[in-house]
Amino acid sequence: MGYQYSDQKFCPMPWLHLHVDTQGLIKACCSTSVTFGNLNKDSVSEIWQSKSINDFRQQVIKSGVDKRCAACLNREASGKSSMRTETLARYPDLSQSILDNEGKVDTKPVYLDLRFSNLCNLRCRTCWHGASSSWFKEAKALKNTAADQAIIRATENNSEIIQGVLQLAEEVEEVYFAGGEPLMMEEHYQLLDLLCQSGQQPLLRYNTNLSILKLKNQHVLEFWKEFKKVQLSVSVDEIEERGEYVRKGLKWEVLVDNMRQIKKECPHVKLEIAPTVSVFNVGRLGLLHRYFVEKELISVNDIYLNMLDRPFYYNIVNLSDREKQSATSEIRAHLDWLRENQANEIMMNEFESIISYMNSRTASEKQMNKRVEADALLDKIRGEKFPLIE
């Protein structure tokens, strides 16, 4: 029997995925507001069996995900893959078992996403204080802080989160590290150490700015050598000077050198670039892609296009008609390059879907004005201006 999810929008995440955000909230995933509990009040095991999560599981079985899952649904509507469809593809047997048993299965989380804190050394234009501690000073000036202090931690004792999660999960198949910047977090190394001690070999996936490879006396390459499957999605939106502008604090040559070191010392680690697609780079995605391919840092199919939803004024649907036409032309030209370089169908569809998504809605004049105001204000605070953004 095949999947029965296309109409009801079935998602297996509530049965197999455990996501903890930087506020200590356990949510359905990192892209939704669906919340099951708070680790500052209850334990991981209590929340995993709570009425809140079981009610949502039954909703997903009976009627599917709802508008709170718009991040996935919007991606799918434009022809892109989503966290929902990617998880279905990675866990087909478990997904089918959940459906066959109408959701009444006693599952343990096998896919972990633990955001220990917002600790990060970059101030990306498309980010905010809730996801980067470095944003705090500017967020105060903009009156847009997520807390009263720079570093936001999930709980006062994140080590207890790790112990509780590993006791509940039993057998971990996949761990996703994001941030903040995971390679700066002591808890990240603690979790890797415990996984090594237990002999488990989950897939390790990262979203990282790759600005560092060492924390104190702990070198992440030494840990990665102990794991058979490691995948890095490198957050990079533009190249060289532009890249340093969009991701404030980025040192371009350090990023490139770190990628080269990984390829040399840990050749089993899979590298891809994962640009956040926004008004800052949509027309130059092809140039970014070609840069890393031509430097032999990635292969032609190793790019993940992460569509920005918020801040909405940086969403590509709010580009002007002229900007959309220009970006469409550039992406079409890149599609020709992809064909010449034998890119797979998935990659071709990903770039095609950018065009579809960008042109799916008319730009909001209000949002376009907010974008101009936001750029001008941040440029003033940072004392910079980058006229090359077209």
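**Reading charges and burial**

Guide: Arginine 310 is exposed, with a relative accessible area of 56%. The model under discussion is a predicted one.

Visitor: Why does arginine 310 count as exposed?

Guide: A residue is called exposed when its relative accessible area is over 50%, buried when it is under 20%, and partly exposed in between. Arginine 310 has 56%, so it is exposed. Aspartate 309, with 33%, is partly exposed. These two residues form a salt bridge, and their closest N and O atoms are 3.9 Å apart.

Visitor: Which parts of the chain does the pair of arginine 125 and glutamate 384 tie together?

Guide: The side chains of arginine 125 and glutamate 384 meet in a salt bridge of 3.0 Å, N to O. Arginine 125 lies in the loop between strand 5 (123-124) and helix 7 (136-142), and glutamate 384 in the segment after helix 16 (365-382), so the pair ties together parts that are 259 residues apart in sequence. Arginine 125 counts as buried at 2% relative accessibility, and glutamate 384 does so at 18%.

Visitor: Which residues are linked with this pair in a network of salt bridges?

Guide: The network links Arg125, Lys248, Asp375, Asp379 and Glu384.

Visitor: Where does a patch of negative charge gather on the surface?

Guide: Such a patch joins like charges within 9 Å, on residues with over 30% relative accessible area and no salt bridge. Here Glu240, Glu241, Glu244 and Glu253 gather in a negative patch on the surface. Helix 11 (residues 240-246) gives the largest share, three residues. Glutamate 244 is placed in that helix and is partly exposed, at 32% relative accessibility.

Visitor: What does UniProt list for residues 106-361?

Guide: An unreviewed UniProt entry lists "domain: Radical SAM core" for those residues. Over residues 106-361 the chain is 40% helix and 14% strand, with the end C-alpha atoms 42 Å apart.

Note on methods:
Residues numbered from 1 in each chain as written. Predicted model: local features only at pLDDT ≥ 70, side-chain atom pairs only at ≥ 80, totals over all residues. Heavy atoms only, no water. Patch = residues over 30% accessible without salt bridge, like charges linked within 9 Å, V, L, I, M, F, W, Y side chains within 5 Å. Areas by Shrake-Rupley, 256 points an atom, 1.4 Å probe, with all protein chains shown as cover. Salt bridge = Lys/Arg side-chain N within 4 Å of Asp/Glu carboxyl O. Lys, Arg positive; Asp, Glu negative; His and termini not counted. Charge placed at Lys NZ, Arg CZ, Asp CG, Glu CD. Helix = DSSP H or I, 4+ residues; strand = E, 2+ residues; numbered from the N terminus. Buried < 20%, exposed > 50% of the residue type's maximum accessible area, 1.4 Å probe, protein only. UniProt positions renumbered as here; feature names shortened; annotations may be inferred.
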